[in-house]
Structures are given as structure tokens and as C-alpha cells.
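Visitor: I would like to learn how to read some features of this structure. Please show it first.

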Amino acid sequence: MTVTAKARTLGELLQTEGYAGRAPFDGKIRLVQDEVRDNLTRKLRSGEELFPGVVGYDDTVIPQLVNALLARQNFILLGLRGQAKSRILRAITELLDAEVPVIAGVDMPDDVLNPVGAEGRALLEAHGLDLPIRWLPRAERYVEKLATPDVTVADLIGDVDPIKAARLGTSLGDVRSMHFGLLPRANRGIFAVNELADLAPKVQVALFNILQEGDVQIKGYPIRLELDVMLVFSANPEDYTARGKIVTPLKDRIGSEIRTHYPTDVRLGMDITAQEAVRSGDVTVPEFIAELVEEIAFQAREDGRVDKLSGVSQRLPISLMEVAAANAERRSLVQGDDAVVRVSDVYAGLPAITGKMELEYEGELKGADNVARDVIRKAAGAVYARRHGSANTRELEKWFEAGNVFRFPQGGDSAAALKAAGEVPGLSDLAAEVAASSVDAVRVSAAEFILEGLYGRKKLSRAEELYAAPEPETRQQRGGRWN
């Protein structure tokens with residue numbers, strides 16, 4: 001049916017395909033969970049992508065999520081920050097119909113044939129086939145609330161409105177005297193609560209009552225609300241969410257508990273970062289730099305100075321990539337050179353790293369900047385070892401061991417920087433191999449990456465942009481782990 005032909009009354013709706021022959025209160029109820037299941041089943045049969053933009057969960061989270069949806073269950077996503085929990089919850093709206101008819105003129109969206117609200121039933125009885133309807137798009141059928149300790153039952157469920165009761169001539173205990181909260185306004189849709197454990201126990205119990213019994217007590221008045229709503233939740237694992245916990249009766253009634261996780265390998269993380277990072281301007285990010293940025297997050301998650309229970313969000317490499325690209329663009333605008341991200345640009349992105357790590361006591365003593373620099377060093381060493389660990393750099397190392405130092409040029413164009421890199425034996429040739437490009441700016445980025453990688457493997461030392469021979473105690477390890 002075209003937009004111009006959409007039904008505006010119940011009578012017109014009953015003449016359309018899918019509603020023809022049905023009558024008000026016919027008992028044929030298609031709940032939101034049924035609607036999601038039907039559309040999910042269709043997508044599975046046709047092979048459509050279920051959750052576009054959700055990367056790295058194909059063999060872990062998504063199968064469990066699909067099972068919960070097929071079983072018509074409410075569920076909770078448990079995981080550390082930056083694990084796409086909110087993205088997954090919002091993506092479920094794509095499993096709703098494009099739009100559904102609801103009764104017009106009521107606060108709570110209500111089914112036109114089987115209204116659950118007192119106001120909707122009264123309108124249906126009064127107007128019959130002339131009942132005015134409106135079309136509710138799927139985007140408006142998703143309501144999300146970030147839980148905080150100050151959220152009240154009135155915020156989520158509603159409160160008694162004495163003025164409304166006086167105007168309607170009803171008692172305070174009548175559901176028609178209620179001022180609805182977020183949950184009733186999500187009727188015929190999906191209601192998501194992020195960080196569920198942060199809700200006060202009293203509010204969680206109210207959610208449990210709605211979830212299980214369809215009723216709730218508001219200021220001593222029992223209110224019956226048989227809502228048609230799909231409840232979904234997210235939370236951090238309880239050992240991290242020390243601010244509160246999910247009350248046992250509510251946790252027991254949640255159908256499935258699905259654990260999320262960080263990317264299992266660097267390549268998946270790179271795909272996520274490439275998808276999410278917003279870069280303006282024409283900036284080139286060499287593959288080895290993109291891998292370095294992602295490896296920083298992996299190294300931070302393993303670092304003993306970083307709090308593992310709080311996690312290291314996937315937003316770290318995303319933010320770092322954006323800042324590093326912005327620094328490369330700024331250098332390009334000032335110097336008139338090609339905008340190619342280099343290791344120095346990654347160091348310029350320290351603020352994007354320090355704000356994403358919760359440090360343990362040892363890390364606090366050392367300082368966030370120092371920890372971040374150390375993480376970058378380890379990441380550079382790991383990426384270099386994976387990509388070019390077998391490269392022969394002995395001539396280059398001997399040059400530094402002879403007492404030479406090299407300050408990587410930060411000013412001037414790429415051609416000048418590449419010429420300066422020629423002072424270090426073998427560096428230009430290896431940079432050309434690593435860059436796999438004839439562009440000078442990419443080769444400069446590769447040369448700086450090589451030096452940083454050798455520094456990360458403790459074959460060189462570094463002070464700001466100045467590279468030198470390794471410290472004496474490090475040289476003694478040459479026959480061991482650093483080769």
C-alpha cells in the first residue's frame with residue numbers, strides 16, 4: 001500500500017490485505033516477540049545479513065542472540081565497555097515491521113484491534129470502525145534508558161497524576177489516572193535498559209513485576225499493565241559493576257544471558273576500527289600503521305598496569321585512529337605534503353589512549369602518559385615482529401652501536417625526510433620493502449615504523465624522536481628473547 005493509500009481509520013484498515021475479515025477484539029494477537037521471530041525467520045531463510053555493522057561475533061554472540069529471539073525470550077548482554085552491546089540492542093529494531101498501525105491520540109501506543117490500555121479500549125468502544133489510527137515506524141518503537149542509581153519507578157513505569165484523576169473523575173488507583181513512564185510508552189516495541197545493575201533494587205523489582213505478572217504497585221495502588229513490549233538489557237559483569245547488582249528474581253526471569261567479548265584477533269579489530277573511525281580529508285593510513293593502532297588496544301588489555309576488570313574499550317583504537325589521522329592532516333596542511341599517518345602521529349594521539357584506560361596502583365604511580373608510551377612501544381615491537389621479524393637489520397644496528405644517533409625529521413617534506421633516513425645504513429631499502437609503495441610519504445612512514453619496531457624489540461633505544469643504540473643491559477639479551 002502506498003503512503004497516500006494508508007488507512008486512517010480502523011474501518012479502512014480492515015479493508016486492507018492482512019486485516020480483511022478481522023473484527024475488533026478478535027483475539028488474534030501478534031506480540032512484538034512474534035513479530036521479531038517472523039522477520040528473523042524470513043531473513044534466515046533468505047540469507048540476509050542479520051546485524052549489519054556488528055563485526056567479530058558471527059560464531060559466538062550472534063548464534064546465541066538468534067536462539068534467544070527465535071525462542072521469544074527477553075535477554076541480557078553481559079560484557080565490558082566498548083563491546084558493541086548498545087549497537088546490538090539497537091540493531092534488533094531492524095527485525096520489526098517497517099511500520100504498524102496504533103490507536104491515534106493516546107499516550108501509550110496501543111494495538112488497534114486488541115488494545116491493552118484503558119484509554120485505547122474506551123476509544124475503540126466509542127468510535128468503532130471510525131477509530132482514528134496512526135502508523136508507527138520501527139525507529140519510534142525502540143526506547144532506551146541508561147540506568148543510573150537515581151532512576152525511579154516513576155521514570156520507568158509511571159506515577160499517579162492527581163490532576164488527571166480529577167479531570168477524568170476517576171480514583172487515584174485507576175490506571176487512567178496514571179502519567180506513563182518510558183516503559184508503557186514503549187508498548188508495541190522494544191524497551192532497552194543499559195547498565196541494568198545500576199538500577200536501585202526497588203526499580204528492578206518493578207521491572208520484574210511487569211516482566212512476569214504485568215502489574216506493579218505505585219504509591220500503594222496496584223496497577224495492571226499487560227504491556228506488549230520486548231525487554232532487553234545490557235550490563236557489565238557483576239565483578240566489575242561493584243556499584244550494584246541485578247536482583248535475583250529479575251535475573252532469574254531474564255531468558256538468556258549472552259556474553260560479549262573484545263575482538264579475538266587484530267584483523268577483526270582493524271575491520272571494526274576501519275568501519276567506525278570517522279576521518280575527514282584525504283588521509284592515507286598504511287596497513288602497518290592500522291595494525292599498530294589496533295595492537296595498542298590488545299597490548300593494553302594484557303598490560304598488568306591496566307585494570308582488566310574495567311576492560312579497554314574498542315573505542316580506544318577508533319579514537320586513536322581519528323586523532324592520528326587528524327595530526328597527519330594538520331602536518332599536511334602546514335607543510336603542503338601528502339597526508340600519511342606515521343608513528344609520530346600515533347604518539348600525538350596519546351590523549352585518545354590515556355582516557356580509555358583505568359590504571360591499577362602501579363600504573364597510577366608511573367603515570368598514564370608513561371604507561372601509554374610503553375604500550376605503544378610494545379605494540380610496535382609486536383607488529384614489526386609479525387610482519388618483518390626475519391628482516392636482516394644487523395648493519396643498521398651496528399651503525400647505532402657505533403655511537404651514532406638519528407633524529408627522525410618531523411618538519412619539511414617527505415622527500416627531505418626520506419633523504420635524511422638514507423644516513424642510516426639499510427633503512428631506506430627496508431622502508432621501500434615495508435611500504436610496498438613508491439610514494440615518498442608512505443616510505444617515510446615505513447622508515448619510522450621500522451625504527452619504532454626495533455625500539456619495541458629493544459634493539460634500539462628512544463628518547464622523543466631520537467633513536468640510539470639500546471641500553472647496555474638490553475644488549476646483553478641479544479642471544480635470548482629479543483632476537
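Predicted model: local features only at pLDDT ≥ 70, side-chain atom pairs only at ≥ 80, totals over all residues.

Visitor: How many bridges join strand β1 to β11?

Guide: Two strands pair if DSSP finds at least two bridges between them. Strand β1 (residues 75-78) and β11 run parallel and are joined by four bridges. In β11, E257 is the bridge partner of I76.

Visitor: What is the strand order in the open sheet of three strands?

Guide: The order is β12-β14-β13, with antiparallel pairing. Because β12 (406-407) and β13 (461-463) stand at the edges with a single partner strand each, one side of each has no neighbour in the sheet. Two bridges pair β12 with strand β14 (residues 466-468), and R407 stands opposite L466 in β14. Helix α21 packs on this sheet and touches β12, β13 and β14; its direction makes about 55° with that of β14. For such angles, axes are lines fitted to C-alpha atoms, for helices over the stretch in contact, and values run from 0 to 180 degrees between N-to-C directions.

Visitor: How should I read two packed helices?

Guide: Two packed helices are described by the angle between their axes and the distance between the axes. Helix α2 (residues 32-46) and helix α3 (residues 61-70) pack at about 130°, with axes 9 Å apart. They are therefore oblique to each other; angles under 35 degrees count as roughly parallel, over 145 as roughly antiparallel, 65 to 115 as roughly perpendicular and the rest as oblique. The contact (heavy atoms within 4.5 Å) is made by V36, R37, L40, T41 and L44 of α2 and V66, L69 and L70 of α3.

Visitor: How many aromatic pairs does the structure hold?

Guide: A pair of aromatic rings is described by the distance of the centres and the angle of the planes. Rings of Phe, Tyr and Trp (its six-membered ring) pair if their centres lie within 6.5 Å; planes under 30 degrees apart count as stacked, over 60 as edge-to-face and the rest as tilted. The structure holds four such pairs. For Y384 and F449 the centres are 6.2 Å apart and the planes at 55°, so this pair is tilted. Y384 lies in helix α17 (residues 368-388) and F449 in helix α21 (residues 440-456), so the pair ties together parts 65 residues apart in sequence. Y384 is buried at 2% relative accessibility, and F449 is buried at 0%. The rings of F406 and F408 have centres 5.7 Å apart and planes at 85°, so that pair is edge-to-face.

Note on methods:
Residues numbered from 1 in each chain as written. Heavy atoms only, no water. Buried < 20%, exposed > 50% of the residue type's maximum accessible area, 1.4 Å probe, protein only.
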